[in-house]
Structures are given as structure tokens and as C-alpha cells.
Amino acid sequence: MNADFQSWARDCQSRLETFLESQLAKTDREPARLHSAMRYSVLGGGKRVRPLFSFAAGALNGADAERITVVGAAVELIHAYSLVHDDMPCMDDDVLRRGKPTCHVEYDEATALLTGDSLQSLSFQLLAEHQVADSAQVQLAMIKQLAQASGSRGMAGGQAVDLDSVGKALTLPELEFMHIHKTGALIRAAVMLGAQCGNRLNEEQLTQLDHFSKCVGLAFQVVDDVLDSEATTATLGKTAGKDADNDKPTYVSILGVNQARELAESLRRDAFQSLESFGDAAARLRQVTDFIIQREF
Ligand code: GRG
């Protein structure tokens with residue numbers, strides 16, 4: 001990763017962290033244990049890939065950094081809620097996340113459940129109380145997009161398919177359906193919401209950006225599967241090898257590591273092609289894409 005990208009990413013991450021810190025209730029506010037668990041699950045960890053995509057999409061059309069920070073925070077709060085719930089014994093049952101004990105291990109199951117619920121509510125509260133678009137109509141449409149991306153037709157639906165797939169041999173299209181929803185929908189929302197913070201894009205540009213976001217959402221998951229099979233727990237900050245241990249179908253179990261890597265590369269090419277008409281304005285989107293493809297955790 002070049003120094004310019006690293007410095008830009010650090011700046012975005014720092015803006016995001018400061019904003020999230022200011023919006024999460026302090027731990028001296030009752031119910032203190034719940035507020036502490038919320039802060040524990042959100043602050044000081046994670047790659048912040050989804051907000052980086054929002055910032056990069058906002059760079060296409062001169063979006064205001066404060067607006068994108070709100071949008072990035074809203075998406076990251078949904079992501080954090082999904083991780084807290086996913087780690088619970090009724091789902092993936094994991095003990096390690098972002099290099100530390102998972103929320104239900106550090107606190108307790110009931111607190112983890114309420115933490116996820118409250119992070120999700122806070123996400124929509126932020127989008128409702130801060131101005132993130134030029135018109136109320138666009139802002140309302142953005143709230144709807146995030147709701148759809150998170151719900152049964154998006155992330156939660158993909159998670160339902162995932163839970164149902166354990167021990168089953170999925171075909172490649174079935175695996176793709178699962179991941180387009182479970183992982184891809186929120187990444188897509190991060191890109192599309194970021195772009196709507198700025199000057200209006202025309203329909204063709206929105207369609208191209210939407211195609212880009214679908215490709216990178218899937219590429220992110222393909223790389224995640226490769227890392228789960230190849231990286232160590234220490235590098236990932238979460239338990240490695242879980243998919244194979246849980247007998248879960250993945251891109252690696254269906255295609256093998258080499259072909260999975262080739263698939264990620266071909267999705268990257270496809271994604272870049274859909275950015276061509278944006279020229280240099282899409283430089284940050286290309287960099288964040290390379291960051292997720294080349295990441296080691
Ligand atoms: C519980 C409704 C509900 C959904 C859970 C996101 C998710 C759906 C499950 C997480 C399980 C998982 C490992 C999914 C694979 C892709 C993914 C979301 C990885 C974690 O995201 P990163 O790498 O994590 O962006 P950090 O910690 O960097 O934010």
C-alpha cells in the first residue's frame with residue numbers, strides 16, 4: 001500500500017473513530033454495563049473497510065467529509081452489531097474477535113444480544129438526525145437502502161442461508177447468493193450511501209457504481225474465505241479455520257485456494273472496468289479495492 005493511501009485511510013479512520021466515540025453513550029450513563037459493551041464492540045478495532053468505501057465513493061463527487069463520516073459510522077455500527085450477534089453461541093459461537101474476547105464472553109449473552117440491538121438502533125438514529133444529503137428525499141432513500149441491506153433481503157437473510165448451509169454441499173451460484181447478501185449487501189450500501197452524500201450522479205453512473213460495489217462485496221468474501229483457510233488466528237484476530245471446522249461451504253472448499261484467488265482477481269478486474277468512466281475521481285475506490293484484495297487479516 002502506498003504512503004498516500006495509508007495516510008488518507010488513517011485520516012478517514014480517525015474521523016470515524018472520533019465521531020463514533022462522541023455518539024456512543026459514555027459508560028457512566030445507565031445502563032452502564034450495556035453502554036460499556038457497546039463501546040467495547042465498536043471502538044478501537046477493525047479495519048473499517050466499509051467506511052473507507054463510503055469515503056472513497058464520496059471522493060467521486062465532492063461529498064462533504066462530515067456527511068460521509070455519519071454515513072460511514074451508520075454502516076460500521078450495523079457491521080459491529082452483526083459481528084456481536086454472529087459470535088454468539090446460537091450462531092457462530094466464537095470467543096475471539098478483533099484480537100479480544102467476543103462481547104458475550106467479556107460480558108454475557110443477554111448483554112451481547114442487547115448490544116447488537118442497540119448498535120443497530122443507533123445506526124438509524126444517526127442517519128435520521130444528521131443531514132447527510134442535499135434533499136430530505138435523498139436522505140430518506142438512503143435510510144431505506146441501509147435498512148434493506150441489513151434486513152432479511154440483505155445481511156440478515158444471508159446469515160440465515162449461511163446457518164442453514166452447514167454440512168451441505170452448495171453449488172457456486174448458491175454460495176454466491178449467500179455471500180452477496182451476508183457480506184456484499186452492506187459493502188454495497190457503504191459505497192452507494194457514500195456516493196449519495198455528494199453531488200448527484202446520473203443514472204448511468206449509479207448503475208456502474210452499483211456494479212462495482214457488487215463485485216467488491218463478493219471479492220471481499222472470496223478473500224475472507226482464503227484467509228480463513230490460510231492465515232493464523234494471531235494474524236486474523238479471530239479464530240482461523242472456522243469454516244472447515246464447522247463444515248461450512250466456502251469458495252476455498254468448492255474451488256480450492258488457487259482458483260478462489262483467481263476469482264478474486266477477476267472480480268477486481270470487473271470492478272475496475274465499471275469505474276472507467278469516472279477516471280481519476282475513482283482513484284480512492286481502486287485503492288480501497290486493492291486494500292481488501294491484498295489484505296492479510
Ligand atoms: C448476525 C444478522 C447477522 C449477520 C451476521 C457479518 C456477518 C453476518 C457475519 C460475520 C461472519 C463473517 C466472518 C463473515 C465474513 C465476512 C466478514 C463480515 C468478515 C468480518 O469483516 P471485517 O473483516 O472485520 O471487515 P473487521 O473486524 O475488520 O471490521
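A: What follows starts with the core, turns to the aromatic rings, and ends with the pockets.

The model is predicted, so local features need pLDDT of at least 70 and side-chain atom pairs count only at pLDDT 80 or more, while totals for chains, interfaces and linings use all residues. Residues are numbered from 1 along each chain as its sequence is written, and side-chain values use heavy atoms, with hydrogens and water left out.

The largest nonpolar core holds 84 residues. Such a core is a set of buried Ala, Val, Leu, Ile, Met, Phe, Trp, Tyr and Cys residues joined through side-chain atoms within 4.5 Å; buried means under 20% relative accessible area, exposed over 50%, and partly exposed in between, with a 1.4 Å probe and protein chains only. The members that touch the most others are Trp 8, Phe 53, Leu 146, Leu 209, Phe 212 and Leu 285. Take Leu 209: apart from neighbours within four places in sequence, its contacts (heavy atoms within 4.5 Å) are Leu 60, Val 191, Met 192, Ala 195, Leu 201, Leu 275 and Leu 285. There is also a second, separate core of 7 residues, including Tyr 40, Cys 103, Tyr 107 and Ala 112. In soluble globular proteins, nonpolar side chains tend to be buried together.

Next come the rings. The model has 4 aromatic pairs, counted where ring centres of Phe, Tyr and Trp (its six-membered ring) lie within 6.5 Å, with planes under 30 degrees apart called stacked, over 60 edge-to-face and the rest tilted. Phe 5 and Trp 8 are a tilted pair, because their planes meet at 35°, with centres 5.9 Å apart. These two residues stand 3 apart in helix α1, so about one helical turn separates them; helices are DSSP runs of H or I with at least four residues, strands are runs of E with at least two, and both are numbered from the N terminus. Phe 5 is buried at 3% relative accessible area, and Trp 8 is buried at 15%. Phe 291 joins Phe 5 and Trp 8 in a cluster linked by ring pairs.

Tyr 40 and Tyr 107, already met in the second core, form an edge-to-face pair, 5.5 Å centre to centre with 75° between the planes. Tyr 40 belongs to helix α2 and Tyr 107 to the loop between α5 (103-106) and α6 (109-129), so the pair ties together parts 67 residues apart in sequence. Tyr 40 counts as buried at 17%, as does Tyr 107 at 16%.

Of its 32 lining residues, Gln 145, Arg 188, Met 192, Gln 196 and Asp 210 are closest to the centre. Helices α7 (136-150), α9 and α10 each supply at least two lining residues, and α9 gives the most, with 11. The largest pocket has a volume of about 970 Å³; among the residues closest to its centre are Leu 83, Asp 86 and Lys 238.

Key: 1 Å grid on protein atoms, 1.4 Å probe; cavity = no way out; pocket = protein on both sides within 12 Å on 5 of 7 lines; lining within 4 Å. Points joined across faces, edges and corners; volume = space filled by probe spheres on them.
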